[in-house]
Amino acid sequence: MLKSKTFVKKTRSGGVMKIVREHYLRDDIWCGSEVCVECKDETPVLQKDACIESNLCTFPHYLIPDTNVVIQQIDILEDPLIRNVIILQTVLQEVRHRSAPIYKRIKDAIHDKEKHFYTFTNEHHRETFIEREQGESANDRNDRAIRVAAKWYSEHLSKAPDAGDLKVVLLTNDRDNKEKAEKSGLIVYKCEEYVKSLIANPELVDRLALTSDEQNEITGSRVVFPEHLPLSKIQAGIKSGTFLQGTFHANRDNYLEAKVYVHGEGDESTEVLVQGLLNLNRAVHQDVVAVELLPRENWVAPSSVVLIDDAQNDEDAEEEEAEKKVRKALDSKPAQGSTLKPTGRVVGIIKRNWRPFCGMLLQSHIKESTRHLFTPADRRIPRIRIETRQASTLEGQRIMVAIDGWPKNSRYPNGHFVKSLGSAGDKETETEVLLLEHDVPHLPFSQAVLSFLPKMPWSITEEDLKVRADLRHLTVCSVDPPGCTDIDDALHCRELENGNLEVGVHIADVSHFIRPGNALDQEAASRGTTVYLCGKRIDMVPELLSSNLCSLRSNVERLAFSCIWEMNQNAEIISTRFTKSVINSKASLTYAEAQMRIDDTSMNDDITKSLRGLNKLAKILKGRRIEKGALTLSSPEVRFHIDSETHDPIDLQTKELMETNSMVEEFMLLANISVAQKIYEEFSECALLRKHPAPPPSNYDILIKAASSKGLVIYIDSAKALADSLNDAQVEGFPYFNTLLRILATRCMMQAVYFCSGMDSDFQHYGLASPIYTHFTSPIRRYSDIIVHRLLAVAINADSTYPDLMDKHKQAALCNNLNYRHKMAQYAQRASVALHTQLFFKNRGILNEEGFILFVRKNAIIVLIPKFGLEGTVFFENKDKPSPRLSFDEEGPTLTVEDHPFHMFDKVKVTISLDSSNIQHQKIRMALSEPVIPGVSVSMPETEPEAKKPKLDR
Amino acid sequence: MAGVELLSDQGYRLDGRKASELRKVQARMGVFAQADGSAYIEQGNTKALAVVYGPHEVRGSRSRTMHDRAVINCQYSMATFSTAERKRRPHGDRKSSEMSLHLKQTFEAAVLTQLYPRSQIDIYVKILQSDGGNYSACVNAATLALVDAGIPMRDYVCACTAGFVEDTPLADLCHAEESGGGTTLALALLPRSRHIALVQMDARLHQDHLDMLMEAAAEACRGLSKVLDGVVRQHLQEVSVLTRD
C-alpha cells in the first residue's frame, strides 16, 4: 500500500544545525470529493452540488483559502453559509504556527460535519509536493504550494465523469499570488470580491475583516505611532537584555497607563510602567509585548488619576486635552525617589491576544457613514473602528466585534462586526455579556454530554449497597443557605458508648455518576465550577445530577462519600475513616432554622441533639484554628431579594453570618484537611491540593499606612501576628473600623490556587493556617472536588484508577484551567452583583447614605457603603465645571479639597444615583453630600424631605 | 509557538507516514570480506553497520570462558559524524556500554550458544547515521550479520520501537518523534515463536496503555522480519549464483 519516495528536507534551526528529515510522498491521499471516482475515499466530505450562490461564481465550486484569508477572515469561514472548503495542509500548518486561537477555530470548523470542510494533506501527496527553489522565500514556496494544489484539484476534478462544471476557487488577498494563479489558469478571487458577490447574505460583508489595502483610505488622523520592531530584532533585544518580554495589562481606570508584567527567572517577576499613548504603542490588554526601559531620569510614579476615554467622536482634539491633563498631573508632582517605578515603552508586539469583544456601537455623527466607533464593555480595551451598514439597527444593542489590526497611522484599531447579542440594559443581554466577557461556558449541555446521564427512574441497586456502608439509620441532616437545591454536604453527630463522639461529614458522591474521560466528564472539567449569578446559576453538571440525583435532599436515599471521625469531647480526633456510603438525610435545614433548633431549649429530638453536639465541637475546633493563626477576613457581601415574577431585585441586604454558618464551615475544613492528608500520603506525586501563599510584605503597605493613621500598629510577620493585631485594632466609638480594616486586609491577600503536589513544594494554606489543604466537600459545583473524590476512592480501594489521574503534567494542566475558571467565575459573580445593584438603584431614584472612605486617590475618593456593601468613586473633577483646588499627600494618604482634608476611614455622606447617560456603562454615581464643601458637594436630594429639613432649620 | 504536531487529525505523522507504518528499510549482507559475517542496514535515516567474528577461542582473560556455551561479546559505538552535531564519542561511555549490554542480552537469548562451548562470538555494531531507533537498527543489522556468518539462531531477532502519542501507538519512531516527548518502547522479538528477547522502556506509561503499545511494537517487528527474510533470501540467491560456476 505504501509507495514511498524518500525526500530529504533540510531545515536550519537556531545555530547552524542541519536537520535532515525524511519526507514520504504518498499516492493514497484522496481528494475528498463526492464526484471523484478515481479516489477510493469511503466517506467523501465535499459535496457534489457545492452551491453557494454568488454573482461571480455561478457554477458549483469548492473554495481554497490561502493562509492569510484563514487568519484574517475566520469569522467569514465560520459562517454556516460557507461550506465545501478545502483547507490545505500547508495552510493549516502556517495557521498553527502563526495563531493558536485561530488554529483552534479552523479545526473546530473542520470537525463540524455540517460545514463540509476537508483537509487535504498536499505536502505528502505525490503530485502536489514541491521543493523550495533556490532563492525562493518560505512564504513564496508556500504560496506556490497552494497554487499547485489548487491546480491539481481543478485538473483532478475535471477528470471525474459527472463533475459537471464543478470547479475550485482560490481565495487570496495577495496581489502577486493572485496574478500568478490567474496566469496558470485558476479561478481566483480576493476574499472581499467573493464575499460581496454572495447573494442573499449582505450581512456577511460586515464581518469581513479589513485588510491592509483598505486601511490606508480610512485613516487621515495625525496620530502616528512608532513602528513596531520585527520579531527578529525583538528576540535579539530580549536576549541581550535591552528589551523585556511581558504581558500587557491596561489600567482599568486610566486608559493612558498600563503595566507590563515581566516574568523573570523562576518566580521572580517585575512590573514595568508604561504611560502615554505613544509609549503604549498600540498594545492591547493581555498582549505579550516587548518593552524597552526608559532612562532612570524619565521614570515616573503610577498616577492616581482616574481617566476614562469618553471622547464622543472620532476626532482627536479631546484626546490631546486629556493627554495634557495627564501630563499636567504627572508634572505637578515632583518625582519622589521612593514611588518611582521602572518605566518603559512598548517597542514591539510578540503575540496578540485578541478575542471577540462585547460592547456597543458609538454612532458616527455623519448620518450615512458606514464607519463607526465601537466601545467595548471592558474598559481596558481601546475603542475599535468598524465598518457596518446596519448601524441604525445595531444602535442600542450589545454587539460583538473582533479586532483585525492596528495600523500605525490610526488612533484606534480596526475591526469588524461578529454578532449581535440583544438590546443593551436588558437583564438577559447584560448577563450574556458578562458571561461572554468572563469566558464562562454557559451554553446548554450538548446531547453527547446528556447521553452519559443515568437513566430515569434511577434507584440505588443491590450492587451499590453491597460495596457501600449502609448509613441510612444515622440521623444525618444538611444545613445550607435558603433556596439551595444543589446540596452537596450533610452532617451527623452521635454519642458512642465509650463517651466519645462520632462525627460524620457526608458528601454527594458525584464521581459515581461522572466517569472519567466521557463527554460529561470533559464538559465538567472544562467548566471547572458552577457559577452563581444573582438569580441564575450556571451549572457545572446537568441539572438532573446537580439538583436531584447528587443533591443530598431530605428523606431520599442518596449515594455519599463519607468522612467519619471518632472524637473525644475535646474535639481531638481519635480515628478517621473514609467510606463510600448510602445515606438518608432526615432534614435539610437553612442556617436560620438550624440556629433556631439549637437555641430552642424545648426541642430535644435527634436532629437537634446532633446539631448541638456539632456546634459544641465546632466552637472548640474554631478556637483551636484561630489559636494557630487562621485569619478571619471580611468582605462586604450582599444578597438581593429577587421578585419572583419579574426577577428584578426588590431589596438588598448584606449577608448575615450565624453560628451555624461557621459550624458547617468548620467541619468542611476539617474534612478537607483530613482528605488532603490522606491523598497526599497515598499519592505524593499527583494529589490535587489547594494552597494559599503568604503575601509579600509590600502588599501590606496600604494596610499598615491606614492603621497608623488611626495610631494603630499592624504586625505582619506571620499570619498569627496579623490575626492578633487585627483583633486588637479597635477604635473607640467606631465599631465598623475593625471590619473596614479586615476588608482592606482581604485585598492584600494572594489568590488561593489549586496545584498538583508533584509540581510544587510549598503546600501552605496561609489564610487557614493549615500545612495542607484541598477541596473535597462540594463536588457538585467544583470539578477539583471530583478529582479529589476519585483520588480518595482509589486510596481506599473503592474505585479503580485511570491514566490521566496519575499523570502529574495533565493534572497540572487541569489545575491551571480550574484556577482560571474560578477566577473568572469570581469576576463574573462580582459583575453580576454590580449589574443587579444598578437595576436596584434604577428603581430607587436618588438615595442618601452614609459611607466610609476606603481609598484616597489623587482626584477622587473611593467610598464603601456598609448598608449595601457597595463601593463607589466620588470624583472631584468634572468636565463641565472648574476643578476645585486639590492637593494630594502620598504619605497619609490624604486628599485636600478646598481646605477640607479627606483621610482613609473618614465618614462621609453621599448621594447615590444611577447614571445612565452612557447606556453601555451604566454606573452608580456617587456624589458627596456631607461634609459640605461649596462648589463640590451636592445638596440633599429633594426626594428625601426628612434629610433636608434639619438643614433648613440650621 | 506550539511544539510540533506529531500526529495530524488526518492521521499522518511528521514525515507523512501513518501511525503503524514503518520507515523504508534497505539492507545488504556480506559487506566486508575479512569478517566472518557483516551487514549494513538503513531504516529511514538511521544507518548501522554490524560485523561478526567467531565463534573462536576466548581471547583475553580465560576466566570468562563458559564450559557449556559460547560467550557473546558486543561492542556498540556511534560515529562522530552520526548526529547533527559533531561530537567526539569516547569509547565505553555510559550510554554505549548500556547499549552494548542490551545487545549482548538480546543475542544471548537468540543465538544457540550451547553449540559452541568454550568459545566466543564478537558482534561489533556502529551507528553511521542516527535518526531514532538506534537500538533496533543495531539488532536488525547484527541479526543479518550473524546469519551471514552462519551462526545458528533460534529465529531472526527483529527489533522496533513504538511510541505513544495522543492515545495512539506509533511504530518505528524517527528522531523528531522520539525527542518530542512521550514514551518510547523498544522491543526485540523472535517473530516465529513470539518470544521477547528484550523490552525496554524508560519513561512513564499507564498500565492500561502498555498492551496496546506492545502489540504495536510487535506488529512492527513482524513486519520487519518479513523484510529481513527477503533480504536474506535475496542474498542467498546472489551468492548461490556466484558459487554455482
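Helix α4 (residues 207-244) of chain B holds both B:Glu219 and B:Arg222, which sit three residues apart, about one turn of the helix. These two form a salt bridge, with their closest N and O atoms 3.2 Å apart. Keep in mind that this is a predicted model. Over all chains, the structure holds 48 salt bridges, and four of the salt bridges found by the rule run across the interface of chain A and chain B.

**Salt bridges inside a helix**

- The cut-off explains the label, because buried means under 20% relative accessible area.
- Chain A has a pair of this kind too: A:Lys180 and A:Asp176 form a salt bridge, and their closest N and O atoms are 3.6 Å apart.
- A:Lys180 and A:Asp176 are separated by about one helical turn, because they are four residues apart in helix α6 (residues 175-183) of chain A.
- An α-helix has 3.6 residues a turn, so residues three or four places apart point the same way.
- A:Lys180 is partly exposed, with a relative accessible area of 39%, and A:Asp176 is also partly exposed, at 41%.

- B:Glu177 and B:Arg17 meet through their side chains in a salt bridge (3.6 Å, N to O).
- B:Glu177 belongs to helix α3 (residues 175-179) of chain B and B:Arg17 to the segment before β1 (25-29), so the pair ties together parts that are 160 residues apart in sequence.
- Both partners, B:Glu177 and B:Arg17, are buried.

**Where chain A meets chain B**

- The contact draws on 25 residues from chain A and 28 residues from chain B.
- About 2200 Å² is buried between the two chains, and carbon and sulfur atoms give 50% of that area.
- On the chain A side, the residues that lose the most area to chain B are A:Glu22, A:Tyr24 and A:Arg96, together 26% of what that side buries.
- One salt bridge pairs the side chains of A:Lys107 and B:Glu5, at 3.7 Å from N to O.
- A network of salt bridges links A:Arg26, A:Asp28, B:Lys18 and B:Glu21.
- Which elements of chain A each supply at least two residues of the side that touches chain B? They are β2 (17-24), α3 (89-98) and α4 (100-111) of chain A.
- The largest share of that side comes from β2(A), with seven residues.
- Sorted by class, the side of chain A that touches chain B has 10 nonpolar, eight polar and seven charged residues.

**Chain B as a whole**

- Chain B has four helices and nine strands, and along the sequence they follow the pattern β-β-β-β-α-β-α-β-β-α-β-β-α.
- Of the 245 residues in chain B, 51% are buried.
- Among the contacts in chain B with a separation of 6 or more, 69% are between residues 24 or more positions apart.

**One helix of chain A with a buried side**

- Helix α22 (residues 701-708) of chain A has A:Leu703, A:Ala706 and A:Ala707 buried.
- These three residues are on the same side of α22(A), because they cover an arc of only 95 degrees around the axis.
- The cover over the buried residues of α22(A) includes α23 (719-728) and α24 (736-748) of chain A.

**Backbone spots to look at**

- Most residues other than glycine have a negative phi, and most peptide bonds are trans.
- The peptide bond from B:Gly54 to B:Pro55 is cis, with omega near 0 degrees, and B:Pro55 lies in strand β3 (residues 46-57) of chain B.
- A:Asn797 has a positive phi, near 60 degrees; this residue lies in the loop between α25 (783-795) and α26 (808-842) of chain A.
- Is A:Asn797 buried or exposed? It counts as exposed, at 71% relative accessibility.
- B:Arg194 has a positive phi as well, near 60 degrees, and sits in the loop between β8 (183-190) and β9 (195-201) of chain B.
- With a relative accessible area of 54%, B:Arg194 is exposed.

Technical notes
Residues numbered from 1 in each chain as written. Chains lettered and ligands numbered in written order. Predicted model: local features only at pLDDT ≥ 70, side-chain atom pairs only at ≥ 80, totals over all residues. Heavy atoms only, no water. Contact = heavy atoms within 4.5 Å. Buried area = accessible area lost by both parts, 1.4 Å probe. Nonpolar A, V, L, I, M, F, W, Y, C, P; charged D, E, K, R; others polar. Buried < 20%, exposed > 50% of the residue type's maximum accessible area, 1.4 Å probe, protein only. Arc of directions from axis to C-beta.
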